[in-house]
Amino acid sequence: MSKLFFLGAGKMATAIAGGLVKAGTFQADELLAFDVNPKAAEAFQNATGIRCVTADCKAAAAGAETVLLAVKPQMLADAVAPLRSEAGNRLFLSIVAGVSIDRLTELTGSERIVRIMPNTPMLVGRGAAGFSAGPKANEEDIALTERILASVGIAFRVDEKYMDAVTALSGSGPAYVFEFIQALADGGVSEGLPRDMATQLAAQTVLGAAEMVLKTGTHPTVLKDQVTSPAGTTARALEVMYRNGFAATVIDAMHACARRSEELGKK
């Protein structure tokens, strides 16, 4: 019998499970996972030290206090069907993209639901997540969710209506940052730097700047001004960014992402 059962053993489930064990939130023998894909199950088990089974999902989940849903949206209905008859008052945590609390309640047969929007930096313990609790989730459920997410980064509780905004910001945000890092590196290469050096300098620059925001608590505008001397090199570069609508492009992209998230949630 497990305290936490992972339905799905992909990369995000692996990151969360591994983080829980590393942080001491759970012991490995208190966790169990299920995945129909033997290769995914083997990779999960090798990476986390947590047993992952590939047969009889219902029996594997028997007695589990909490189930974390980590399957693809199109697979969710079939995946949870074996658990529905014994859902009872079991807590279901879901990292399944775009599936609402109402739909999760319908599919699982449980009213204790917490919907989570994670992001891929959880794989390196630097995740940024938002979560929304269903009306029947209690304070212990909220506290457990916070402990789980704290093991792989930071998390904020939001009303479900803001989950699309979280998707547009932190859920999809790593892709925007990767694109920016690539652009920085490309700029370095165009100025003559070797590709490997340019990529490492770009990534470390983004990492360092982010750490300054988080650790100093200083507003990004203030930190930007500290780098920008009047009529200097940085000022000239920022002038080009402003003229080409850098900030507006990012915001427009986030609006597009949020609208697409809404669309997917209605399917």
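How much space lies in the second largest pocket? In this predicted model, the volume is about 820 Å³. The lining of the second largest pocket comprises 36 residues. Among them, Ala70, Val71, Lys72, Pro73 and Ile95 lie nearest the centre of the pocket. By class, 22 lining residues are nonpolar, nine are polar and five are charged.

At least two residues each come from helix 1 (11–23), helix 4 (76–84), helix 7 (163–171), helix 8 and helix 12 (246–265). Helix 12 supplies the largest share, four residues.

Helix 8, one of the helices that line the second largest pocket, also packs against helix 9. Helix 8 spans residues 173–190, and helix 9 spans residues 195–216. Their axes lie 8 Å apart, at an angle of about 135°. Angles over 145 degrees would count as roughly antiparallel, and those of 65 to 115 as roughly perpendicular. The two helices are therefore oblique to each other. The crossing of helix 8 past helix 9 is right-handed.

On the helix 8 side, the contact is made by Val177, Phe180, Ile181, Gln182, Leu184, Ala185, Asp186, Gly188 and Val189. Helix 9 contributes Arg195, Ala198, Thr199, Ala202, Ala203 and Val206. Of the residues in this contact, ten are nonpolar, three are polar and two are charged.

Key. Residues are numbered from 1 along each chain as its sequence is written. This is a predicted model: local features need pLDDT of at least 70, side-chain atom pairs count only at pLDDT 80 or more; totals for chains, interfaces and linings use all residues. Side-chain values use heavy atoms; hydrogens and water are left out. Axes are lines fitted to C-alpha atoms, for helices over the stretch in contact, and angles run from 0 to 180 degrees between N-to-C directions. Angles under 35 degrees count as roughly parallel, over 145 as roughly antiparallel, 65 to 115 as roughly perpendicular and the rest as oblique. A crossing is left-handed if the near helix is turned anticlockwise from the far one by less than a right angle, and right-handed if clockwise. Contact means heavy atoms within 4.5 Å. Ala, Val, Leu, Ile, Met, Phe, Trp, Tyr, Cys and Pro count as nonpolar, Asp, Glu, Lys and Arg as charged, and the others, Gly among them, as polar. On a 1 Å grid over the protein atoms alone, a cavity is a set of points where a 1.4 Å probe fits but cannot get out, and a pocket is an open set with protein on both sides within 12 Å along at least five of seven lines; lining residues have an atom within 4 Å of a point. Grid points are joined across faces, edges and corners, and a volume is the space filled by probe spheres set on the points.
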